[in-house]
Amino acid sequence: MFRKTALILLVLATVAKTYGQAISRDESEQRAQALLKQMNLDEKVGQLNQSAGIQMPMLGSEKPDTLIEQGRVGSILWLTNVKEINRLQHIAVEKSRLHIPILFAFDVIHGYRTVFPVPLAMASSWDPGVEEQAQHFAAQDARAAGIEWTFTPMVDIARDARWGRIVEGAGEDPYLGKAMAAAQVRGFQGDQLGPDSVLVCVKHFAGYGAADGGRDYDSSYIPEELFRNVYLAPFYAAAKAGAGSFMSAYMDLNDVPASGNKWLLTDILRNEWGFKGFLVSDAFAVGSLQVHGYAKDPSDAAYKAITAGLNMDMASQTYTKNLAQLVKDGKVTEAQIDAMVLPILAAKYQLGLFDHPYADESKVEATLNRPEGLTLERKLAARSMVLLKNDKQTLPLKTSIKKIALIGPLGDSTHDIEGGWTVEGLFGNGSKSHPVTLLAGLKNKLPNAQISTVSGPELSRVFPGLLDQLAGKKVLPPPTPQETADWIAKVKAAASDADLVVAAMGEIASMSSEASSRATLDLPGIQQQMLEAAVATGKPVVLVLLAGRPLDIRWPAEHVPAILEAWYPGTEGGNAIADVLFGDVNPGGKLPVSWPRVAGAEPLYYNHNLTHEPEDRPQFTSRYWDIQSKPLYPFGYGLSYTTFKFANLKLSQASIGTDGSTQVSVEVTNTGSVAGDAVGQVYIHQRWGSASRPVRQLKGFQRVALQPGETKTLTFPLGKDELEFWSPQTKNWVVEPSTFDVWAGEDSTAPLHAELTVTQ
Ligand code: NOJ
């Protein structure tokens with residue numbers, strides 16, 4: 001009897017360990033070391049290989065079964081079919097010599113079945129807590145569906161809206177970027193990587209967002225001080241938050257491709273930052289070292305990548321085909337290979353894959369369809385929207401409206417409301433979510449109103465993207481003059497007959513993300529003409545922008561009374577937009593980017609340096625003679641249905657030493673008549689030192705809810721973390737004696753000012 005009870009307890013303890021408890025990194029490394037001792041060279045190289053789980057033209061049609069059986073596949077990507085995931089995992093666990101499970105990876109960027117707002121939108125919430133919540137929810141979905149590793153967060157700083165991938169990150173600012181990066185790591189991995197979490201992969205390391213001309217994949221040239229102070233900052237924050245893996249970027253970084261760049265992958269990431277996880281290349285990037293003109297041939301590409309410190313080769317199979325020979329030729333030692341394999345095995349142990357390798361297929365659908373996801377999604381979507389303009393209190397709308405004309409190509413598009421990079425939408429898998437379009441959202445809000453729609457011509461890229469091609473999308477010719485005239489006539493008729501026009505305009509989802517850069521930023525197609533026709537009727541017009549980047553909206557900014565930036569708000573997007581339009585939610589989102597007037601002003605960012613001729617001198621008010629060089633809307637900007645007043649900016653100490661710290665406090669009062677959220681923002685400027693410093697730098701923010709008349713005091717620390725910078729002269733991080741300007745308020749132009757002295 002006693003023995004039986006002891007046995008049951010032992011089993012229960014093992015089960016608890018398997019499903020619930022995380023093991024420490026040390027323990028996982030010890031187990032990995034022991035396993036490594038049993039592995040032959042081919043099996044080790046196998047762990048460094050990530051194979052594609054789907055067939056693509058460039059990958060051939062072979063299924064990876066045999067390779068898996070031989071222990072030559074460490075990880076698989078681009079596979080979401082849980083049955084196939086389990087089938088392949090069974091081969092690895094049951095048929096390979098050492099039974100090492102495969103690590104299944106996918107881009108779970110902004111949700112799984114429940115699609116959350118795109119990352120740029122999430123950053124507009126200025127609320128890392130909501131981002132963490134969303135990514136935690138996505139992690140639960142992904143893990144249930146057999147995905148143990150996600151290529152998220154994308155933390156590339158983007159200062160140029162022409163770059164298509166601006167949609168995937170947190171915008172232009174390193175401080176906001178740091179907060180959003182760390183929140184996403186916590187959301188996916190929890191406090192510690194474990195059997196319930198999803199391993200993150202911080203990408204694209206590093207400098208991808210600085211692509212020349214905003215053209216995707218083009219070279220980045222970034223001086224070291226800019227690299228360290230701006231571009232690396234969110235990566236560092238993610239590493240410190242415990243991120244288990246990083247992805248090396250595609251492009252040349254100062255002439256050395258990131259995926260073969262030892263300075264980046266080893267000297268900075270591992271040696272300086274103490275990163276203990278592993279690195280994977282971006283897709284095909286190891287093979288591409290040859291295409292770049294950096295490696296002589298595939299063998300040289302494998303050599304350059306592995307000796308730079310890149311653990312895993314995504315999809316190119318350059319490691320599989322060349323590493324063993326490099327070891328045999330004595331160019332790479334087996335100890336080097338071991339060091340690359342170890343963190344991959346350790347991650348598999350930490351994720352609990354050895355004990356619990358399979359997804360429970362019977363639970364997947366129930367998990368993915370959890371109704372609380374939709375409630376959370378709707379809340380987050382509304383929190384992410386930015387009210388750009390609201391003349392004469394056009395918004396919020398009254399529910400007594402009887403007739404609405406909904407114009408524009410994005411009013412009833414189920415795909416575009418969720419944005420790109422959706423797990424089930426990729427590779428033509430077919431999404432099983434039920435996105436709420438703006439038309440549906442308006443109908444839900446006003447069941448008795450009459451809503452007429454004029455979509456206008458379907459939008460189309462001039463050059464199709466890879467995903468367009470995979471989905472069989474055709475490039476459409478622009479409308480003929482007659483077709484244009486017909487659409488305009490329809491807009492006029494619908495608008496004239498309505499009490500209100502809602503214009504749902506911007507870009508279709510495939511105009512943003514990878515390989516989706518553009519040279520212009522105007523509203524594609526005939527959208528602006530449609531808008532002009534609607535405004536000409538004299539009816540009130542509300543423009544709802546759906547896009548993954550700021551657009552050239554100079555005309556609407558002058559002529560349309562209300563503009564709401566909704567980005568790509570996700571599955572409940574239409575309901576969330578309606579919540580904001582009708583005032584059920586008071587918008588509180590703020591811009592994570594400086595909004596350019598015109599594409600030619602890019603790259604544009606608020607934290608630029610002073611020059612010998614500051615722009616506020618009358619004869620130098622603009623850098624261009626044809627257009628104001630300042631943004632249309634500044635970084636950090638966003639309106640509310642109420643108003644806020646910031647006052648009493650104070651420093652707990654006005655003078656500190658270089659190792660000291662002070663506390664900034666500022667009062668914010670809701671001076672309007674409805675409740676709303678304010679985002680208190682603190683900016684600093686170092687007046688002199690060993691280098692010129694940006695005119696302003698964000699160093700603290702907090703989103704708070706305030707009732708009408710309510711005042712709250714916000715406090716922010718200012719110490720080493722906020723005051724230090726990497727100096728190009730001293731070549732290290734310094735806090736320098738100087739005078740610092742400190743501003744607090746609603747956006748990056750906040751006037752409320754104090755002075756801080758930092759002494760030696
Ligand atoms: C290429 C993209 O650049 C990267 O962001 C993504 O994670 C990988 N493909 C895998 O899908």
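Reader: Which residues in the largest nonpolar core touch the most other members?
Author: Trp149, Phe205, Phe246, Leu388 and Tyr633, out of 162 residues in that core. A nonpolar core here is a set of buried Ala, Val, Leu, Ile, Met, Phe, Trp, Tyr and Cys residues joined through side-chain atoms within 4.5 Å. Buried means under 20% relative accessible area, exposed over 50%, and partly exposed in between (1.4 Å probe, protein chains only).

Reader: What sort of model is this, and how are residues numbered?
Author: It is a predicted model: local features need pLDDT of at least 70, side-chain atom pairs count only at pLDDT 80 or more, and totals for chains, interfaces and linings use all residues. Residues are numbered from 1 along each chain as its sequence is written, and side-chain values use heavy atoms, with hydrogens and water left out.

Reader: What does the second, separate core include?
Author: Leu438, Val502, Met511 and Ile577 are among its 35 residues.

Reader: Gln350 sits in H15. Is that residue buried or exposed?
Author: Gln350 counts as buried, because its relative accessibility is 5%. Leaving aside neighbours within four places in sequence, Gln350 is in contact with Ile23, Ser24, Arg25, Ser28, Gln192, Leu193, Gly194 and Pro195.

Reader: Now H22. Which of its residues are buried?
Author: Gln527, Met530, Leu531, Ala533 and Ala534, in a helix that runs over residues 527–536. They cover an arc of only 160 degrees around the axis, which puts them on the same side of H22. The arc is taken from the directions from the helix axis to the C-beta atoms.

Reader: What do those buried residues pack against?
Author: Strands E12 (403–407), E13 (450–454), E14 (500–506) and E15 (541–546), plus helices H21 (481–496) and H23 (554–559). Just after H22, Gly538 has a positive phi of about 85 degrees.

Reader: Which residues other than glycine have a positive phi?
Author: Tyr217 is one of them, with phi near 80 degrees, and Ala515 is another, near 50 degrees. Tyr217 lies in the loop between E5 and H9, and Ala515 in the loop between E14 and H22. Tyr217 is partly exposed at 35% relative accessible area, and Ala515 is partly exposed at 31%.

Reader: Where are there cis peptide bonds?
Author: One joins Thr152 and Pro153, with omega about 0 degrees. Another joins Phe205 and Ala206, with omega about -10 degrees. Pro153 lies in the loop between strand E4 (149–150) and helix H8 (174–189). Ala206 is in the loop between strand E5 (199–205) and helix H9 (224–231). Most peptide bonds are trans.

Reader: Last topic, the surface. Which residues form a nonpolar patch there?
Author: Leu466, Leu467 and Leu470, with about 250 Å² of accessible area together. Leu467 is in helix H20 (residues 466–470) and counts as partly exposed at 41% relative accessibility. Patches are made of residues with over 30% relative accessible area and no salt bridge, with like charges joined within 9 Å and nonpolar side chains (Val, Leu, Ile, Met, Phe, Trp, Tyr) within 5 Å. A salt bridge is a side-chain nitrogen of Lys or Arg within 4 Å of a carboxyl oxygen of Asp or Glu. Accessible areas come from the Shrake-Rupley method with a 1.4 Å probe; for residues, only the protein chains shown count as cover.

Note on methods: Helices (H or I, at least four residues) and strands (E, at least two) are DSSP runs, numbered from the N terminus. Contact means heavy atoms within 4.5 Å.
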